[in-house]
Amino acid sequence: MENEELLESNEQPDIPQYDLDKVYLFTEFPDKISGRCDNCNKAHFASSIKNGSFLRKCTNCGMTKSI
């Protein structure tokens, strides 16, 4: 049972949980690693322009930033 408890306690608590429905501002939340998604660390994005701002959305997890 101790091994099961250890596995549960090692669930990577340092990984931030982002609200994927929210649009984050790049000035407030710059990339931890340049050009990579903060949530899933992938580098493939879909870009669009909405209400005069450039949006970058991760194609893997859906995290969106306004650049």
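Q: How many cavities of 30 Å³ or more does a search of the whole structure find?
A: One. A cavity here is a set of points on a 1 Å grid over the protein atoms alone where a 1.4 Å probe fits but cannot get out. Bear in mind that this is a predicted model, where local features need pLDDT of at least 70, side-chain atom pairs count only at pLDDT 80 or more, and totals for chains, interfaces and linings use all residues. Residues are numbered from 1 along each chain as its sequence is written, and side-chain values use heavy atoms, with hydrogens and water left out.

Q: What lines the largest cavity?
A: C37, D38, F45, R56, M63, T64 and K65, as lining residues have an atom within 4 Å of a point.

Q: What makes Y18 part of the largest nonpolar core?
A: A nonpolar core is a set of buried Ala, Val, Leu, Ile, Met, Phe, Trp, Tyr and Cys residues joined through side-chain atoms within 4.5 Å. Y18 belongs to such a set of five, with Y24, C37, C58 and M63.

Q: Why is S53 called partly exposed?
A: Buried means under 20% relative accessible area, exposed over 50%, and partly exposed in between (1.4 Å probe, protein chains only). S53 has 24% relative accessibility, so S53 counts as partly exposed.

Q: Which residues does S53 touch, not counting those up to four places away in sequence?
A: S48 and S66, where contact means heavy atoms within 4.5 Å.

Note on methods: 1 Å grid on protein atoms, 1.4 Å probe; cavity = no way out; pocket = protein on both sides within 12 Å on 5 of 7 lines; lining within 4 Å. Points joined across faces, edges and corners; volume = space filled by probe spheres on them.
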